[in-house]
Structures are given as structure tokens and as C-alpha cells.
Amino acid sequence: MPRLKATSLSPLAVSASDARRLFLHAQGLFDDSKNGAAASARNVCRLIERMGFVQVDTISTVERAHHLILAARMKGYRPALLARALERDRRLFEHWTHDASIIPLKWYPHWRPRFERFRSGTWHRRQLGDEADQIVAAVQERIAREGPLSSRDFEHAGNGKKNSWWGWKPPKIALDYLWRTGVLHIVARKNFHKVYDLTERALPELAAVPTPSEEQHIDWACRTALERLGTATVREIAGFWKAIPMSKVAPWLKAAIQAGEVIHVAVESADGSPSRPGYALADLAVRLARLPDLPAGMRLLCPFDPVLRDRARTKRLFNFDFRFEGFVPVAKRVHGYYVMAILEGDRFIGKTDPKFDRAAGILKIGQTWWEPGVKPTRARMMGLRQAAENLAEWIGADGVEFRE
């Protein structure tokens, strides 16, 4: 197929359906659950690289977000596989994107500019006060001397009162600061508590890896974002990694268009709003032609799934308004504290309210809200039940209970 030319005066029109399919495929949601990659630590790493990153979250109403995200894409996935990739194989690392995330280690050098931004900040000093440098140095020295430690290892009477920042004690703030600045590395989690060691000790091989130049860093941030978004605006490219500001994206796009590597597109909006001007890699037509058929059945996606993270983008591409209401006051919630999205093909057709009753061993499905125009036919209800039963089996529930 001939390569699209970036010099065209008019942007390439991309339908909302094609934009959705590109995005879902890039994010690993087109793989048939029966024919996808075998569940292994190596393939977990490959899946995360394909997606870019996986958000880490503590909420476990059903299961923690990172495990739900991976299980929705890989049949046979087990949390132990991710732990092995992170803690034993060390092919992944945990740090910040838009939130705490798990990221391929091959991109670690691109986090050094972020470390510097955290280092030049003053948030830890505002929390720790005049003794900030002494507290940070003492925490770092103790880990250097004793080896990997968690915040619990610093909990004793001599720590004084809790700090106002989320009620954290000073050593915990120091640990977080040292992690954010790259001095410490998360080498394990015990009962979901981070265990830190010196990065130079945990990953000595990184010392020989040069820091990318600013030009290389910008190219990486923009190119990898476009690969994983399919089509995107300047805001969406900058927001994918939260690594560079929008002001750095526009000049990169201009140069990439001139080089024939990126093209202008006009992406149709599924929500009735005008088409949105954006950008795509120049092999867009080839990638569209190679997309597999839509997968059969339904999948339940957790509130922190990457295809739901950008609420405005989700509304525009899918005509689906999804909001995590965990931090919304109870009286103002529309759907509930923890709601999962129902994906059927390339459409979000509804939301459902699950909770794992661990004492009873039952996945309880509360109310289900169908999108306008979606009829809960018998076949569709059977599909939802199958998706819920698949989820229940994976989390170890004995069965599913639907509220009538």
C-alpha cells in the first residue's frame, strides 16, 4: 500500500470507528482471549511495552487496577507473573506517569528529566520543614547501610508526630522524595507496601546507560505516544506520558510532518461534536488495513484502564461518558463508588457495579446501566453474565450473584 504523504493540503479523514479500533488494538484489547499470547512474565513485559504503562492503584473492590488491566488482555494472567517481571527479572520498574505506573525498564533513562524536576521542587521541604535535608539524608543512609526497607521499618516512637501531607510521617515523605528523584528504586511490595533500595545497588547496569538528549527525549515521548494512541491531538500526545509540555510537542510535529513521518488527520467525533484535527504516524493506512477482526464477547474494564483514563477523549471517540466516582461525595454519585465499563467490540455499551464479597466468595453485580440505544437483549445479558463469570473465575470467586 502506498505511503500517505504528509504534504497533502487537506488532512486525512479518519472515522471515529477507525480511530477507536486503532486505539483499542494498540492498547491490547483486540487480542482474542483464546488465541492471545501465552501468560508468562516475558509476555506481561511485552504487553506493558505495547500499551506503554499500567497504572498502579490500591483500590481492591474487585482486584487491584494493574492486575485487572492485564487480566482483561491476557488469558491466564496471574499477579505472580507481574511480580516476577518487576522483582526478580527487573524488566519493569515503578514510577510516575500521570500517576504511579509500571513501565518497561528499557525506557528508564527517559525518567531522568523527571527525576530532576522532582529534585528541583520544594514540596518535600514544605512538608518536612527546616530539617528536610537531615531527614532525607538519614533515610538514605539507613537504606545504604541496612539494605531494602519499607516505610514500616521507620515507624517507631522517635519519629514524632505525623506530617500533614496525607498524615504521613517524615520518613515516609523522605522515602517518597528519594524514589521520585531516582535515588531509590522499588524492589518489591509486601502486602502492597513499597520496599525500597538504592537504585545504584538494585540496577547497577543503568549507570552505564547515557541520559538521552533533550531532542532524543522529545522524539521518544511524542513518537511512542502516537504509536499507542493511533491518532491524537497535541494535548493528548503531551498527556500520554506527562513527560514533556505541550510547547515541546508542536515543534516536533512540524519537523516530523516535513520529514514525512507524521500526517495531519481529521478525526470524526462519535459524540456529535465537530471532527477534531490531530496527527498520526504516516503508516496509518497500513496499520488500519492490518487490523484484525473485532473480538467477540464482552470485557469488563476497571475504572483505571488506559482506554478510559482521558475522559474527554473517551467521550469523543466512543460517545461514552465515564467517570470514576470514588472521590465524589456519596450524595452526588450517579452510578457508584466503583463501576466497571462494559466493552463490546469497539463500543462501550454500559457500566456495571461489581464488588467481590471475599467472606462469601461471591462476585456481586449490583446495578447495570446500559448506554442510550443499547437494548439488554437475552443474548446481551448472557454476554454480560459470561464476562462476569470470567472475571469471577479469575479473581477466585466461587460464583456470581446478580442483583435482580
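User: Which residues line the largest cavity?

Analyst: The lining of the largest cavity is made up of T231, A232, T233, E236, V267, R276, P277, G278, R313, R316 and L317. Please keep in mind, as we go on, that this is a predicted model. The volume of this largest cavity is about 60 Å³.

User: Which elements each supply at least two residues of that lining, and how do its residues divide by class?

Analyst: Strand β9 and helix α14, which covers 311–318, each contribute at least two of the lining residues. By class, the lining of the largest cavity holds four nonpolar, three polar and four charged residues.

User: Since β9 has come up, how should I read the way it pairs with β8, parallel or antiparallel?

Analyst: The general idea is that strands of a sheet pair through backbone hydrogen bonds, either parallel or antiparallel. In this structure β8 and β9 (residues 276–281) are antiparallel and are joined over six bridges, with I263 standing opposite A280 in β9. Strand β8 (residues 262–267) also pairs with β1 (residues 12–14), here in the parallel sense and over three bridges, and in this pairing L12 stands opposite V265 of β8.

User: In what order do β2, β3 and β4 stand in their sheet?

Analyst: These three strands form an open sheet in the order β2-β4-β3, with antiparallel pairing. The edge strands are β2 and β3, each of which pairs on one side only. Between β2 (residues 54–55) and β4 there are two bridges, in which V54 has I102 as its partner and Q55 stands opposite S101. On the other pairing, β3 (residues 92–96) is joined to β4 over five bridges, and W96 stands opposite A100. Strands β3 and β4 also form a hairpin, with three residues between them.

User: How many residues of β4 are buried?

Analyst: Five of the five residues of β4 are buried, which leaves this strand mostly covered. As a general point about strands, in a regular one the side chains alternate between the two faces of the sheet.

User: How should I read an aromatic pair, and how many does a search of the whole structure find?

Analyst: A pair of aromatic rings is described by the distance of the centres and the angle of the planes. A search of the whole structure finds 19 such pairs. One of them joins W107 and W241, whose rings are edge-to-face, at 5.3 Å centre to centre and with 75 degrees between the planes. Because W107 lies in the loop between β4 (100–104) and α5 (112–120), while W241 lies in helix α11 (residues 234–241), the pair ties together parts that are 134 residues apart in sequence.

User: Are W107 and W241 buried or exposed?

Analyst: Residue W107 counts as buried, at 7% relative accessibility, and W241 is buried too, with a relative accessible area of 1%. Both belong to one aromatic cluster, which is formed by F53, F93, W107, Y108, W111, F115, W220, F240 and W241.

User: Which ring does R180 lie over?

Analyst: The side chain of R180 lies over the face of W96, at 4.6 Å from the ring centre. Another arginine, R142, lies over the face of F154, at 4.7 Å from the ring centre.

User: Why is helix α8 described as largely enclosed?

Analyst: Helix α8 (residues 170–180) has 10 of its 11 residues buried, so it is largely enclosed by the rest of the structure. The buried residues of α8 are P170, P171, I173, A174, L175, D176, Y177, L178, W179 and R180. Just after α8, G182 takes a positive phi of about 85 degrees.

Key. Residues are numbered from 1 along each chain as its sequence is written. This is a predicted model: local features need pLDDT of at least 70, side-chain atom pairs count only at pLDDT 80 or more; totals for chains, interfaces and linings use all residues. Side-chain values use heavy atoms; hydrogens and water are left out. Two strands pair if DSSP finds at least two bridges between them. Helices (H or I, at least four residues) and strands (E, at least two) are DSSP runs, numbered from the N terminus. Rings of Phe, Tyr and Trp (its six-membered ring) pair if their centres lie within 6.5 Å; planes under 30 degrees apart count as stacked, over 60 as edge-to-face and the rest as tilted. Buried means under 20% relative accessible area, exposed over 50%, partly exposed in between (1.4 Å probe, protein chains only). A charge sits over a ring if NZ of Lys or CZ of Arg is within 6 Å of the ring centre and within 35 degrees of the ring normal. On a 1 Å grid over the protein atoms alone, a cavity is a set of points where a 1.4 Å probe fits but cannot get out, and a pocket is an open set with protein on both sides within 12 Å along at least five of seven lines; lining residues have an atom within 4 Å of a point. Grid points are joined across faces, edges and corners, and a volume is the space filled by probe spheres set on the points. Ala, Val, Leu, Ile, Met, Phe, Trp, Tyr, Cys and Pro count as nonpolar, Asp, Glu, Lys and Arg as charged, and the others, Gly among them, as polar.
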